[in-house]
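Open the model in your viewer and keep the selection tool at hand.

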Amino acid sequence: NPYAGLVSHLRASWLSGKTWPMEYRMAQLEALGRFLDDKKQEILEATELDMGKPPFEAFFSEILLCKNELNVTLNNLSHWMKDEYVDKNLVMQLDSAFIRKDPYGVVLIIAPWNYPIHLFLVPLIGAIAAGNCAIIKPSEISKNTERLIAETLSCYLDNDCFAVVTGGVPETTRLLENKFDYIFFTGSPPVGRIVMTAAAKHLTPVTLELGGKNPCYVSDTCDVTNVARRVAWGRFFNAGQTCIAPDYLLCTIEMQEKLMPALREAITEFFGPNPQESPDFGRIVGDRQFQRVQRLLCSGRVALGGQTDEAERYIAPTVLADVLPSDPAMQEEIFGPILPIVVIANMDEAIDFINARPRPLAVYAFSCDSKIVNQVLERTSSGGFCGNDTLMHFMLTSLPFGGIGNSGLGKYHGKFTFDTFSHHRGCLHRNMGLETLNTPRYPPYTQQKLGLLTTTFEVKRRGTCTLL
Amino acid sequence: NPYAGLVSHLRASWLSGKTWPMEYRMAQLEALGRFLDDKKQQILEATASDLGKPPFEAELSEIFLCKNELHETLNNLSRWMKDEHVDRILAMQRDSAFIRKDPYGVVLIIAPWNYPIHLFLVPLIGAIAAGNCVIVKPSEVSKKTERIVAEALPSYLDKDCFAVVTGGVPETTRLLENKFDYIFFTGSPPVGRIVMTAAAKYLTPVTLELGGKNPCYVSDTCDVTNVARRVAWGRFFNAGQTCIAPDYLLCTIEMQEKLIPALRKAIDDFYGPNPRESPDFGRIVGDRQFQRVQRLLCSGRVAIGGQTDEAERYIAPTVLVDVQPSDPIMQEEIFGPILPIVVIANMDEAIDFINSRERPLALYAFSSDDKVVNQVLERTSSGGFCGNDTLMHFMLTSLPFGGIGNSGLGMYHGKFSFDTFSHHRGCLKRGMGWEPLNAPRYPPYSQQKFGVIRAASKVTRKNDCTLL
């Protein structure tokens, strides 16, 4: 296997204990920060070449958000690494009981093309913080960013412990034949299945950040202007190529009528009368993806946008009205700048519609009535949830980010990334003496001994009556 | 598929929201408690029949420890279920940001035969507490206990939401063809791989509690009498059929010489001169397992015990010395009442020996010198760890219990069971108004807007200089 040597080199480095000291991990993390600062301009240029990512968006998602995660980790690492002391029962009062945070070992991070720096770097922060060695496999589709990572990242990190592997499906397949101690994958559900099946051979734990169709319910009581802006922003950011973008809208026919002019106004405000000329609107990453998204336009009727330009891989910010569940746009995750509207009669129908489908990465609900937002939250199941906005729950490092069902398993961001990449080892350190405390547990067994044991180890059911 | 109807019935019950209210979950949990109380005698008899489990041991592991977990959960469920509010950045001070604990849906729990009530019931407590519906698949190897579970348990729990499925490998294979929302498996690594591969088809998250050879290092500075008692207890409890039993001992030749008489005395204290006549020593669960364990006796030389009786499936508490790494007994998890001693020169050799093998579920180190215990803890990797005792870290519900590498993935006990079976959903609820706060993020993009966003969302690196 072409990667066996690399994997065992990294494993030897890990076994040598090199990544254990906090100072080492902090130094590697600080180096990641310098990578982001030094290569900022190259990152903006590469992502612009790869998918027309507007520099503002790239700066925000690929630099700023990553630096936030870095700083949260650097600020808290010593605290996260500490042994966590836990409650003890009566018998163990003289013992030491704690949770030790151990690294897993050699970690594999497979990243997609849509946020090509962010989606390898934020997991990598957690992997390094937890003391692991890591192999990074950036996406071959975002070619310019891939090259940047492959050529420059290794100058910043310890090459004994961190490596970048490039390639497509054949290379990734061969890479996955090796035994890793953790695999972190961001991508599509079908490939997620392949990764988990490969991981199962080695009993490797995984986090899978996948996707799906994120529903966006808009109730009849809302501020239409604000809703239109927030939904349009979430849908058209990165030309729709965002795993948590609102994928389709659910609302009544009356709300559809109100939303249309508001969405038109929002799109014009954001991108001008001809979005193809706006420097603030992205492009589809590749020809294959362009054709896939373009095919979805034959759904319902085009109410806004609909123009395409194959040479530029441009698809206009588009809203489709009167879309039916059987239409092409409703059969797969859109991952493009198209917002279909599916008309439903009321909130209950919307909730049933959502629940009849695979569980998404995000559910959005807009209403001035907080009871409605709460009902949608309560009666659906999704990776994450945002009421009265889109995408924003992703920004908070204190919220766990991950999917459920088809949209993934596991979670990360902030401390959750550190926890994902560390093994929580339950530890008990007892005294060599004090043997008399142990006698009740030894044979020959007697009722009296059992009574003693149960008294000293018992967790009592707390009474529920209030004493007056 | 013979189980498709059952699975979809349970899924429909879950979707109906029946398991959501705390009162419902508490009622099901209280019913589990009544099951343990009402059926205690039958459970003791069944496990005595299935694997000669001494009633003291059965009452401790199958009833008492389960009731502790039950009480821990009943005492804390309302708190665990609450939304966890999280820290917010400047821009979100008016928003509500919290982690909602959602059930997964329909959970499958597959249990083994060695602690046949405990190892389905403790996971079941967490699954119910987290609001899931559950299918329990007890082991067909512990036949009498299987029958109690299949015949009695359903009358205590809501049949719309909880079911018991019995059978062997063919039935379990067909069961695994269905889509579950979580699978909790306790058993051997090879079957763990099969379960995870089946889970991968549906992207179903799993917890795998597996096994391995748990090393037990005894340093030269220790109280030999106490060590011998604690190790013998852990090794011979349930006739060695414990996933966290000390599997083999590592010590110097001098310590081996001291330990043998101490182990002989401990065994004599516990079981008398003829352990076969002791009511406090178990039997091997079945003929196949008996023959497997018996074959391992051809390793090193028998220093203590070694007698067997096929008719009773009795294997005497046995200690083997001068065992080589190449001997049969060092090739697989013993899961029987045999303790091999492997001689090493010093602690470093012991640590290297441990680290060149699969990572075990538990690791034990005995020394009067805390530094030695800490070194072993620090320089090895295992599911859990106990210094100066065996098995005891399992008893503390505040410690996470789980494996790493070949010994498993995921963790449970206490709140960790609840967390295992709940999806931690990151939620953000924003106001419908306050739109000017959002204006900086919208196109047309500008440097000024970027400055505002950065100021509002940035996480700064905390300074590490001290102000005098």
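Start with both chains on screen. There are 14 salt bridges between chain A and chain B, a salt bridge being a side-chain nitrogen of Lys or Arg within 4 Å of a carboxyl oxygen of Asp or Glu. This is a predicted model, in which local features need pLDDT of at least 70 and side-chain atom pairs count only at pLDDT 80 or more, while totals for chains, interfaces and linings use all residues. Residues are numbered from 1 along each chain as its sequence is written, chains are lettered from A and ligands numbered from 1 in the order in which they are written, and side-chain values use heavy atoms, with hydrogens and water left out.

**Stop 1: the interface**

Select B:Arg359 and A:Asp181. They form a salt bridge, with the closest N and O atoms 3.2 Å apart.

Now widen the selection. Across the interface of chain A and chain B, 66 residue pairs are in polar contact, both residues at pLDDT 80 or more. A polar contact is a pair of N or O atoms within 3.5 Å; within protein, one must be able to donate a hydrogen and the other to accept it, and residues adjacent in sequence count only if both atoms are side-chain atoms.

Which helix of chain A gives the most to the side that touches chain B? Select helix H4 (residues 55–81) of chain A: it supplies eleven residues. Helices (H or I, at least four residues) and strands (E, at least two) are DSSP runs, numbered from the N terminus.

Color that side of chain A by residue class. It divides into 59 nonpolar, 34 polar and 28 charged residues. Here Ala, Val, Leu, Ile, Met, Phe, Trp, Tyr, Cys and Pro count as nonpolar, Asp, Glu, Lys and Arg as charged, and the others, Gly among them, as polar.

In total, 121 residues of chain A are in contact (heavy atoms within 4.5 Å) with 121 residues of chain B. The two chains bury about 10100 Å² between them, 60% of it on carbon and sulfur atoms. A:Leu203, A:Met432 and A:Tyr445 supply 9% of the area that chain A buries against chain B, more than any other three residues. Buried area is the accessible area (1.4 Å probe) that two parts lose on being put together, summed over both.

**Stop 2: strands across the chains**

Select strand S18 (residues 422–429) of chain A and strand S16 (residues 384–387) of chain B. They pair in the parallel sense over four bridges; pairing requires that DSSP finds at least two bridges between two strands. A:Cys427 has B:Phe385 as its bridge partner.

Stay on S16(B). B:Gly384 and B:Cys386 point one way, B:Phe385 and B:Gly387 the other, and all are buried. Buried means under 20% relative accessible area, exposed over 50%, partly exposed in between (1.4 Å probe, protein chains only).

S15(B) and S16(B) pair in the parallel sense over four bridges, with B:Ala362 opposite B:Gly384.

**Stop 3: B:Tyr217**

Select B:Tyr217, in strand S8 (residues 215–218) of chain B. B:Tyr217 is buried, at 6% relative accessibility. Its contacts include B:Leu250, B:Tyr364, B:Phe366 and B:Val376.

**Stop 4: S2 of chain B**

Select strand S2 (residues 96–103) of chain B. Seven of its eight residues are buried, so S2(B) is largely enclosed by the rest of the structure. Strand S1 (residues 84–85) of chain B runs antiparallel to S2(B), joined by two bridges. S2(B) also pairs with strand S18 (residues 422–429) of chain B, antiparallel, over eight bridges. There B:Ser96 stands opposite B:Lys429.

**Stop 5: B:His423**

Is B:His423 buried or exposed? Select it in strand S18 of chain B. B:His423 is buried, at 5% relative accessibility. A polar atom of its side chain lies 3.1 Å from the backbone oxygen of A:Ser382 and one lies 2.9 Å from that of A:Gly383. B:His423 also touches, among others, A:Ile404 and B:Arg100.

**Stop 6: B:Glu59**

Finish at helix H4 (residues 55–81) of chain B, which holds B:Glu59. B:Glu59 is buried, with a relative accessible area of 18%. Its contacts include A:Leu450 from the other chain and B:Phe64.

Notes. Lists of a residue's contacts leave out its neighbours within four places in sequence.
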